[in-house]
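Dear colleague,

I am handing over the structure that follows, and after it I set out what was found. Please read the notes with the model open beside them.

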Amino acid sequence: MTDTALADPEVGGEDNDSAESSALAAGLRGLRLPTVAVGLAAVAGGILLIVSGENPLSVYWSILDESFLSGSGIGRTLEKATPMVMGGLAVAFAFKAGLFNIGGQGQLLLGAAFAAWVGYNFDLPLVVHLPLAMVVGGLVAALLGAIVGALKAYRGAHEVITTIMFNFVAGNLTDYLVSRDGPWNDPDGGAIARTPRIRDSAIIPTYGDIPIGFFIACGFAFLIWWLLNKTTFGFEIVTTGANKHAARYAGIGVNRIIILTMAISAFLAGIGGAIQSQGLFGRFEASNNAGLGFDGITIALLARTNPIAVIPAAILIGGLNASTTRLQQDFRIEPEVVSILQALILFFVAAPSVVRWLVRWKAIGDEEAIQLTGGWGA
Amino acid sequence: MSRLLEMKGLTKRFGPVLACDNVDLKLDAGEIVGLLGENGAGKSTLVKMLFGIYEPDAGEIYFDGQLADIEGPGDAIAQGIGMVHQHFQLVPPLTVAENIMLGAEVVPEGGPGSVVGVMNMAAAEERVLELSKRFGLKVDPSAVVEDLPVGVQQRVEILKALNRGARLLILDEPTAVLTPKETDELLKVMRSLADTGVGIIFITHKLREVLAVTDRVTVLRNGKYIGSAETAESTQQSLAEMMVGRSVVLRVEKGTAHPGSSVLEVRDLRVRDDRGSAAVQGMSFDVREGEILGIAGVEGNGQRELVEAITGIRHSESGAILFGGIDMTNATPREVSEWGVAHIPENREKDGLVDNYSVADNMVLNTYFKEPFASRGIRVVDAIRKWASKLIEKFDVRPRTITSPVKSLSGGNKQKVIVARELSAENKLIVASQPTRGVDVGSIEFIHNQLVHQRDKGRAVLLVSAELDEILSLSDRVAVVYEGRVVAELDGATATREEIGLLMAGGSASEAAVS
Ligand SMILES: Nc1ncnc2c1ncn2[C@@H]1O[C@H](COP(=O)(O)OP(=O)(O)OP(=O)(O)O)[C@@H](O)[C@H]1O
Ligand SMILES: [Mg+2]
């Protein structure tokens, strides 16, 4: 440390290039584990299929053929993938702030129900009606998320507990709203608990076989990526998730960030529900959305919480789900087999050390290990 | 004495950084070797290879004359190598005996207990007592670890290693967390351990300790072996030069202070600690423009809570904190820093840095939202990188890459990142808590000069330090704290080590004056 060290020499320049390339390298390295995990799951699932007397190659070919190789197949796959993208984003986004949102199911239901209500109840021009229905659905879910965030920030209530409880609240509330005695019940629906049809001005169209809602979801994925990586708000969120003490030291309002993050996370899940109602079913029907919110956790894990990677992860899982009918027809394979495949993928992604041990791949990173939630007191 | 350890040609590379380059180290039984070197010289990396935490890229380790194959810490322990980490590996709610026996439990033979492995506590405590007597390390086996002071916890760590039969002990900056008194006790313990034949590798940045306890020193610089010297033939000056490669001014050169008006006024402040008991119990003092006020005191006498209250991190119960005459009691951290307060926090990993972030992002950790680092809520990466590049040059952060994560930096270089960030912004008051903890001599010189430079620019500096030498060489005035109160305010130019030492220990001002 000589005196010359005190001068301010011109620096920079070459550091930038290496930064770009290392970011790219890190991105590629991030792909390694999920890819290997999917491969290992295919092998393990193959063994299972052989044991049950099927030829795994023809089963896998059927999945590919059914879900990815025809226009209508791709359409069906993307339909399934759309709420998964939104649900996966919701989980991944919350995770950046160190929060585990497993209330995606309830938030999705609220979004789906309220979007449907705006959709059938008002008569507005399309440019207003369609986005308004989505936004109302998202905002009602966001309100729920904000309550969860506030309970965490000011009362220390763990978000895993509160989001699970709110899943019941949201589920029963939406059930009631569309039930026979509920205010939103479809009088023409007979015994079916559902809302009336959404007006055309609020319906998200399809382009040929391709649902436009999927591209809306992809738009959100890029928006969230940009928010997290390019904005000061994103920096505050990630800092809070990485080190709460340092965030406080840096002047970040940690409580505010927790509430906002939870609200935005729930908003994303709510939008997922709105797209279901406005794009797929044309109404809200209580029994249509069972379990969808929980797929978000799978997707977020598979994408290693990267907002962009959520898209291919959702397409993969969506494609698997879209093939269940065909598998049943061709092979008499129960849909549960697809669930097993999904579970295997998740297992290998969530346990990098198992993968490392199986493929003797030392480089598969400790640095990649994901911990989805902190201690219960945190 | 017999040769206990010989490391030959050890080499370890982390990406572009050659952390250890063909390093040799020898150690006899019963010998204490000081391992010295600047921040990032490769000291921790070298001992981590010995303890099996890192796998060497090249080189051989001979332990007891045999080529040793150390695959992991478990192997190292089994072969008789023990290491005391800076972050203790103890289970806080368990007792001393339970901690020491963890992994090597005493189980009654025969009896029903042996089947399920029920621990024989009485036997365990007896064994701990016996160990503690044999090596002269005083501990109460039934005390609960979390209630013990840091110095005693460290003793438990050492006993744990000895219980596993360690004949070689690695101590990586053990004194960084100790009070002066605890340090003296540790040095005594090290000597007596060496007398029983244990070999010790001792890493520290404090040359006084090196001269007091080691037999020999080995110096690394930039990952390379520079040389060894007999301690008896060395001085602080000669060791510092060997480490840095140039002559070092060990005394701070500073002119007289020209204090102006008060920047910080603390009035009858009361603050509670995490457990809710009173930590700051009615403190009052002023810091003026152009002066350094040193807060001297044994750690745990309210300094941490005081600093956190001033910087807005902790709630003040009563009293007042004024910046430039404005009441800022219980302002938010953002309001405090916007007013113009820089803060070098005591716990750098916890508060001052985000370990996973790059050096660049850490350089703007609390200014990320300001021009030119952000514009209308969008981060301006080029401006951040330029700024960070400038700071790592100016503050000599090594290695010179702004994109590597801070967690890959050596301890001292982490500290330099914080110091660089906090002293480079425009501020009126600098609150510096243990600013040179874990920092090498050359960098201490640099940080001290920077603090004096800030003072000469008319800024107010509040220095909190457990290092008496640091307090004495920097402060224009010294406030001694004891049990949450300021017990004396002294003139920095005339205060003596003995006087402050006595006041810190709870002696009265009159006693101190007599001594
Ligand atoms: N896990 C790691 N990954 C990447 N680089 C590392 C890692 N560990 C250490 N380094 C680098 O290796 C060099 C030596 O680091 P080391 O921690 O051994 O230094 P040190 O001599 O202990 O310094 P200090 O006195 O500051 O503790 C530094 O440049 C550091 O940045
Ligand atoms: Mg070190």
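For what follows, a cavity is a set of points, on a 1 Å grid over the protein atoms alone, where a 1.4 Å probe fits but cannot get out, while a pocket is an open set with protein on both sides within 12 Å along at least five of seven lines, and lining residues are those with an atom within 4 Å of a point. Please keep in mind that this is a predicted model, in which local features need pLDDT of at least 70 and side-chain atom pairs count only at pLDDT 80 or more, whereas totals for chains, interfaces and linings use all residues. Residues are numbered from 1 along each chain as its sequence is written, chains are lettered from A and ligands numbered from 1 in the order in which they are written, and side-chain values use heavy atoms, with hydrogens and water left out.

I begin with the cavities. The structure holds three of 30 Å³ or more, where a volume is the space filled by probe spheres set on grid points joined across faces, edges and corners. The second largest cavity, of about 70 Å³, has a lining from chain B that includes Leu137(B), Gly151(B), Gln154(B), Arg155(B), Glu182(B) and Val189(B). Helix H6 (150–163) and helix H7 (180–195) of chain B each give two or more residues to this lining; helices here are DSSP runs (H or I) of at least four residues, and strands (E) of at least two, numbered from the N terminus. By class, this lining has five nonpolar, two polar and three charged residues, with Ala, Val, Leu, Ile, Met, Phe, Trp, Tyr, Cys and Pro counted as nonpolar, Asp, Glu, Lys and Arg as charged, and the others, Gly among them, as polar.

The largest cavity has a volume of about 90 Å³, and of its 13 lining residues, Glu79(A), Pro211(A), Ile275(A), Gly279(A) and Leu280(A) are the closest to its centre. Helices H3 (71–96), H7 (212–230) and H10 (254–281) of chain A each contribute two or more residues to that lining, and H10(A) gives the most, with four. The lining of the largest cavity divides into seven nonpolar, five polar and one charged residue.

In chain B, helix H10 (residues 303–310) is largely enclosed by the rest of the structure, because seven of its eight residues are buried, that is, under 20% relative accessible area, where exposed means over 50% and partly exposed in between (1.4 Å probe, protein chains only). Just after H10(B), Gly312(B) takes a positive phi of about 85 degrees.

In chain A, Leu344(A) lies in helix H14 (residues 336–350) and is partly exposed, with a relative accessible area of 21%. The C-alpha atoms of Leu344(A) and Gly45(A) are separated by 7.6 Å, although these residues are 299 residues apart along the chain.

With best wishes
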